[in-house]
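Please look at the chain below and follow its cross-links and ring contacts step by step. The text that follows is meant to be read with the structure open.

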Amino acid sequence: MGKEFVICCSFLLLLFVSLAFGAASNGVDVLLLPSMGVDGHSSSHSQHESLAVSMDDPNDPAVQVFALIKDLVVGKTIPIYFPYIKDPTSFQFYPKEAIQHIPFSSEEVPEILRFFSFSPDSKQALAIRQTLEICEKEPKENEARGCATTLESLADFARGILGSDTRVEIMRSSLLSNSSTPLVQNYTILDFKGIATGDIIPCHSEPYPYPVYYCHFQLGADSKVFKVYLKGENGELVESVFLCHMDTATWRPGHVAFRLLGVKAGESEVCHFLAAHDLVMFPIPK
């Protein structure tokens, strides 16, 4: 299921922090448009499928990312799962010419595996199948979701939600030092500031032979995004994206975030720190 998306020249994409995706390029993309309910109201919450394996296990280190807005207190120390990324360039989009001839569809997995010389029963093959399954899932009610393999398709996804003339900013977490980092350690909040409120689109890097981002957006559900400055026990400095989902009424009551935070669905926001390989997009005020 391949598609090319061409960005309108009036759409300005501003890169924030150190997001250098490289030259603009089209590619092979899967983007699924919103599926609207008859009443126009949200009836489900989009959850990142890549984390689904951990969502029911409060002991999994990967769930140590959730917090509440009230937890943003300078000087407070909290454990966070924030793996160090040795080579940020590995998450930069490839140019169109490098991937346009490579299939991107579950129906063509055998051809994809042959192209990359992966065995059908290898871990790489499993990751490819799982990523394509995520990318090809139909949107839920009042949801937009899909995967981008190029900077243009990423921008086009945002433009389709936020408006064709909207100037969009991309923000991601950024490591400010180069020491090796444990998967989970205590981080102290040095400072924080609110960045945006309203329509915010999170995108998550998926395991694939080249960069693929899964993006999702719940129509009518406001979010907030903060930039939080952290210092780890080992001295690591991090500028972290802190994304808050303000309406959790439609979330699954047994979601691990509620158990970890001691709150109930619909009674509180749920926030989480984003790893450096994930990002958020939001409109820049005119």
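The model shown here is predicted. A search of the whole structure finds 3 disulfides. If the bonded cysteines are counted along the chain, the pattern of the links is 1-2, 3-4, 5-6.

Begin with cysteine 135 and cysteine 147, which are joined by a disulfide with an S to S distance of 2.0 Å. A pair of cysteine sulfur atoms within 2.5 Å is taken as a disulfide, so this pair qualifies. The torsion about the S-S bond is -85°, and the link of cysteine 135 and cysteine 147 is left-handed. Which parts of the chain does this pair tie together? Cysteine 135 belongs to helix α3, which covers residues 123-136, while cysteine 147 belongs to strand β5, residues 143-148; the pair therefore connects parts that are 12 residues apart in sequence. Are the two cysteines buried or exposed? Cysteine 135 has a relative accessibility of 0%, so it counts as buried. Cysteine 147 is also buried, because its relative accessible area is 0%.

The next disulfide is formed by cysteine 203 and cysteine 215, whose sulfur atoms are 2.1 Å apart. What is the handedness of the link between cysteine 203 and cysteine 215? The torsion about their S-S bond is about 110°, so this disulfide is right-handed. The pair links distant parts of the chain, with cysteine 203 in strand β9 (residues 201-206) and cysteine 215 in strand β10 (residues 212-218), 12 residues apart. Cysteine 203 counts as buried because its relative accessibility is 0%, and cysteine 215 is buried with a relative accessible area of 1%.

The remaining link to describe joins cysteine 244 to cysteine 271, with an S to S distance of 2.1 Å. The torsion about the S-S bond of cysteine 244 and cysteine 271 is about 105°, so this disulfide is right-handed. Cysteine 244 lies in strand β12 (residues 237-245) and cysteine 271 in strand β13 (residues 270-273), so the pair ties together parts that are 27 residues apart in sequence. Both cysteine 244 and cysteine 271 are buried.

Now turn to a contact of another kind. Threonine 150 sits in the loop between β5 and α4. This threonine 150 is buried, because its relative accessible area is 0%. In sequence, threonine 150 and valine 212 are 62 residues apart, but in space their C-alpha atoms are 8.0 Å apart.

The last topic is the aromatic rings. How many aromatic pairs does a search of the whole structure find? The search finds 11 aromatic pairs. One of them is formed by phenylalanine 116 and tyrosine 210, which lie 6.5 Å apart centre to centre, with 40° between the planes, and the pair is tilted. Phenylalanine 116 is in helix α2 (residues 109-116) and tyrosine 210 is in the loop between β9 and β10, so the pair links distant parts of the chain, 94 residues apart. Phenylalanine 116 is partly exposed, because its relative accessible area is 21%, whereas tyrosine 210 counts as buried at 3% relative accessibility. Ring pairs link Phe116 and Tyr210 into a cluster that also includes Tyr94, Phe104, Phe115, Phe118 and Tyr208.

Definitions and conventions. Residues are numbered from 1 along each chain as its sequence is written. This is a predicted model: local features need pLDDT of at least 70, side-chain atom pairs count only at pLDDT 80 or more; totals for chains, interfaces and linings use all residues. Side-chain values use heavy atoms; hydrogens and water are left out. Helices (H or I, at least four residues) and strands (E, at least two) are DSSP runs, numbered from the N terminus. Buried means under 20% relative accessible area, exposed over 50%, partly exposed in between (1.4 Å probe, protein chains only). Rings of Phe, Tyr and Trp (its six-membered ring) pair if their centres lie within 6.5 Å; planes under 30 degrees apart count as stacked, over 60 as edge-to-face and the rest as tilted.
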